[in-house]
Amino acid sequence: MELDPTETFRQEASELLDSLETVLLDLGQTPQDRDLIDAAFRALHTIKGSGAMFGFDKVAAFTHDFETAFDLIRKGKIDANHDIVTVSLSARDYIRTLIEDPDSTDPIIGEAIVEELQRLIGAGPAAAKNAAPAAETAAEPAPGNPASAGWRIEIAFEPGILRNGTNPLVLLDDLRALGPCTVEADLGAVPVLEELDPETCLITWTVTLESACSQEEIEDVFMFVRDEMKLVIAPLAAGGQSGFGLDMSMPGDAAPATATAPVVEPEAAPAPAARAAAPAPAAPAPEKAELNRRAEDKGTTTVRVQAERLDELMDRVGELVIAQARLSQIAHSGTDLAIKAIAEEIERLASGLRDSTMGVRMVPMGSLFGRFRRLVHDLSRDLGKPVDFVTVGEDTEMDKTMIERLADPLVHLIRNAIDHGIENADDRARTAKSATGRIELAARYVGAQVLVTVQDDGAGLNTARIRAKAEENGLIAPGANLSEHEIHQFLFHPGFSTAKTISALSGRGVGMDVVKRTIEAMRGTIDLTTIPGHGSSVTLRLPLTLAIIDGLLIRVGEGRYIIPLSAVEECIELTAEAEARAKGRSFLNVRGDLVPFLRLRDVFDAEGQPDPHQKVIVTSIGDTRVGLVVDQIIGSHQTVIKSLSKLHSDVTMFSGATILGDGSAALILDVAQLVTLGQSRAENDRTPEAA
Amino acid sequence: MANILTVDDSPSVRQMIKLVLGPAGHNVVEAGDGSEGLAKAKAQSFDLVITDLNMPVMNGMQMIKALRALPAFMGTPIVFLTTESDDAVKQEAKAAGATGWITKPFKPEQLLAVVAKLVRA
C-alpha cells in the first residue's frame, strides 16, 4: 500500500510538533537544559528539512527563523527565556496550521510571530543576527578557478580506506566523467604477494585531467574521503594559464570549511565565528546524550498501522476466541482425549494471541498526558494562577480507543482543578500555601484496571455550598441526613454547578455529568475525595480494554449472563439460614458487613423454579458492594464484547452481549447500574424502619 | 538495478528515498531501525546502504559497525543521513565504517548524485 508521501510527512510533522510542544513546555521550567534545547532544535530542523523536501515551502520558510533562534540558544549566544518559549509555542501552533490547513492561515499572524521572535533575539548579542545569513551564504561556491586547460591531481589514500566501502576505482571513474584522463598508478609501496594485505590500499595515483572543470568539481569527487587522503590539485600550466602555476597549492590542510562543503551539503560550513564559539570538546558529549534520548523518545512511534486494521485484527481474534470456546465445549463433552488435548492447546494459543493483540493496541498514557501540559500552561496564564503540573505513570498503557475517549473527560477535570480547585494567589498566601499551585495527573495499574487520578492542592470541595445548592435545586429535602460523600455525588448531576460566576472555562455545570457518563460508558467509575483546605482528587477507575474481558458466566432461570470478573469480589452461598436472618429484607452479613443483595431472578422476571442452592456474587464498584443472587455459577469465560444495537441503547442494566461456545448469546451485566439499583433498594428498605 | 537498503525511523524519509530511487531503477528495501536493517542485511546482499544515525532500538553507528563485521558487507558502501553538519558526528560515523553521508534535507538530485557516486550499475 503506497501512501501519499505528503501524508506521511503530515503524520510525522504532527508527531514532531507534539514532541516539540512537550520539549518547549519543559524548557519553560528548566531553560538551561541542553538536552531540551537540542531536542527543540532537532524537531524544528527536521520539520524544516522534510518540509522543504515535500514541497511545504511556507513551512520551511517560517520554521527557518525558529530553527536559527534555537541554534543560537544551542550555541549559548542567547538564553532560552520564558518569552521565547511562549512565542515558540505560538509558532508551533502556526506551523501546525500551515501543514494541516494552509488556507486558513493568515500570513500576518505568521509575520507577527516572527517579528516578536526577532525582537526577543535582537535583544541578545549582535552576533545573533549575523550568524544566520553567514551560514546561508557559506554554501555558495567559493570563487572558482578560471577554466584551465586541465589539472594534475595527486591522490594518496590512507591505507585503511577500503574498509569503509570506498572504491578508489569508482572515484577514478568519476574523474574520468569530468574529462579525458591519463591515470598513472604508483605501485612502489605495494609489498610482495606473501606480505600483501588485500584490505590495505598502498597504491597512489597521479591523474592528468583534460577538462575545463573547476577545482570544486574535482574536490566534490572526493567529498567523502577528503579527510582520509592526501589530494593535491594543480592546474596544468598551459596556454596562458601559467599565472597560477605552482602557487595553486592544494587545500589539503585548509580549514574544515573546504573539506565539508560538497554539493549535497547546502548547510555545511557554518560561519567560522559560530563554530569557534561552541567549545569544541563539549560538542560530542551532548550529541551522544541526545542520541540516546531520541532513541528512547522514538520508541513509541516505530510502527505505523492504521487504527482500523488493529480493530479488524481484534475482531478476528474475538471471533477466534468464540470459535475456540465452541471447540472446547464439544471436546469436553466428548471422550476423545486427542481432541481434548488439541482443544486445550488451541485455548492456550487463542488466549496468548488475544493478549498479544490487545498488547499491540496498548498505548502509553504519556501520549495523552502530554497534551494537557499545554492546556495547563495556557489556563494558568489566562487565570493568573501559577501551577506546577506533575504527571506520574506516563508508561501506564491502555487500549488506544480508551485513551482517545479519555481525553475530553480529563480536559474537564483539569480545567475544573485549575479554575475551581486552585485558589488565587492571595488566598493561597493567606493559608500559607506556596504561591504555585500543584496539579498531579497520575495513572497506575490496579489489577486489570487503570486508576487515573487528577489531584489538586486547592481549597477542596465546599460541602456546605454543594448541599445548599442541592436543596435549592430540590434534589434533596432540607436537612436530609446525607454523608459528605453522598453530597459530593450531586456534582455529577446534570446542570449542577456551584460556581458563583460562570467563567469562560468552567462553571456552566455541563461538565461533570458528561464526564461521569463518558467514564461509565467505558465501564469505568469515577470517584471524588476532598480534604477541605488541602485539595481534592478525582479518581477514574477504568478497564484496560473494551474489546475482550474476563467474565464470570452465570445462569438466572433459563438465561445466561456475564459478570465482568474485575467487578467480582467473592462468591458465597445464600444459605437458608442467612435468608431467615435477613427477615425478608435483602441484606447479607458478609463477615460483619451488611451488604444489600439483589435477586436477579426478580430483576429479570425469570420463570420456573429457583435452584435450591442460590448463590450470591458479591460485586463492588469503588467502595460500594452489592450481592447478586443467581441460580448457578457456570465458570469463567473469555468474553468478547459485542455492543448492543441502537435499539437497546436505553437498556441500562446491560453493557453489551457476547456469544457463548454453543452459539447462544449472553448479556453482559452492567455492574455499576446494578450496584446503584441495589443501593437504592437498600435505601427503601431502610427508610420505613427509620420512619 | 542496484539493491539498496534504506534504514530510517522516519517513514517520510524512507518514502522519499524510495520515491527517488525506485523510478531510477533501483530496488529499495526499507527498515525502521538498526536492528531491523541488520536483520535484512543478513538475509540479502545489498549494493548500498543508506542509514539514519539517530534511531530507536539500534542506532546507525551501531548498525554500521555490525554491518562492517559481516563478511558480505566489508566492501559495501554505507552512507549515513545526518541533520547536523557537525564534523564530530561525521568523524565518528566514518570511524565506524561509513563510506559517505547525505545531509538532510536533501533534494532528489542530491540523493541521486550520491547513489550514482557509490553504486556502479
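This is a walk through a two-chain predicted model, one selection at a time.

**Before you click**

Residue numbers start from 1 along each chain as its sequence is written, and chains are lettered from A and ligands numbered from 1 in the order in which they are written. Because the model is predicted, local features need pLDDT of at least 70 and side-chain atom pairs count only at pLDDT 80 or more, while totals for chains, interfaces and linings use all residues.

**Stop 1: chain B**

Start by colouring chain B by secondary structure. You'll find five helices and five strands; helices here are DSSP runs of H or I with at least four residues, strands are runs of E with at least two, and both are numbered from the N terminus. Follow the chain from the N terminus and the elements go β-α-β-α-β-α-β-α-β-α. Of its 121 residues, 58% count as buried. Buried is a matter of counting: 20 or more other C-beta atoms within 10 Å of the residue's own, against 12 or fewer for exposed, with partly exposed in between and the C-beta atoms placed from the backbone.

Now select helix H5 (residues 108-118) of chain B. Its buried residues are Leu111(B), Val114(B), Val115(B), Lys117(B) and Leu118(B). They sit on the same side of H5(B), because they cover an arc of only 160° around the axis (the arc is that of the directions from the helix axis to the C-beta atoms).

**Stop 2: the largest core**

Select Ala40(A), Val79(B) and Ala93(B). Of the 90 residues in the largest nonpolar core, these touch the most other members. Such a core is a set of buried Ala, Val, Leu, Ile, Met, Phe, Trp, Tyr and Cys residues joined through C-beta atoms within 7 Å. Helix H2 (residues 34-53) of chain A gives the largest share, 10 residues. At least three residues come from each of domain 1 (5-139) and domain 2 (151-265) of chain A, with bounds taken from an automatic or database domain assignment.

Zoom in on Ala93(B). Leaving out residues up to four places away in sequence, Ala93(B) touches Leu53(B), Met61(B), Ile64(B), Phe80(B), Ala98(B) and Trp101(B); a contact means C-beta atoms, placed from the backbone, within 7 Å. Apart from this core lies another, of 37 residues, among them Ile621(A), Leu628(A), Ile668(A) and Leu674(A).

**Stop 3**

Switch to chain A, which has 22 helices and 21 strands. Buried residues make up 33% of its 691 residues.

Show strand S3 (residues 204-209) of chain A. Six antiparallel bridges join it to strand S1 (residues 151-157) of chain A, where Ala156(A) has Thr204(A) as its bridge partner. Strand S2 (residues 181-186) of chain A is also joined to S3(A) by six bridges, again antiparallel, and there Glu184(A) partners Thr206(A). Two strands pair if DSSP finds at least two bridges between them.

**Stop 4: the five-stranded sheet**

Next, select the strands of the open sheet S19-S12-S13-S21-S20 in chain A, whose pairing is mixed. Strand S19 (632-640) and strand S20 (654-659) of chain A are the edges, each pairing on one side only. On average, neighbouring strands are turned by 35° against each other, direction ignored. (Axes are lines fitted to C-alpha atoms, for helices over the stretch in contact, and angles run from 0 to 180 degrees between N-to-C directions.)

Strand S12 (residues 548-556) of chain A is held to S19(A) by eight antiparallel bridges. Look for Ile554(A) opposite Ile633(A).

**Stop 5**

Most residues other than glycine have a negative phi. Which way does Arg591(A) go? Its phi is near 45°, a positive value. Arg591(A) sits in the loop between strand S15 (587-590) and strand S16 (593-599) of chain A and is exposed, with 7 other C-beta atoms within 10 Å. Finish at Asp605(A), with phi near 50°, in the loop between helix H21 (600-603) and strand S17 (615-621) of chain A. Asp605(A) counts as exposed, with 7 C-beta neighbours inside 10 Å.

Note on methods:
Two residues are in contact if their C-beta atoms, placed from the backbone, lie within 7 Å.
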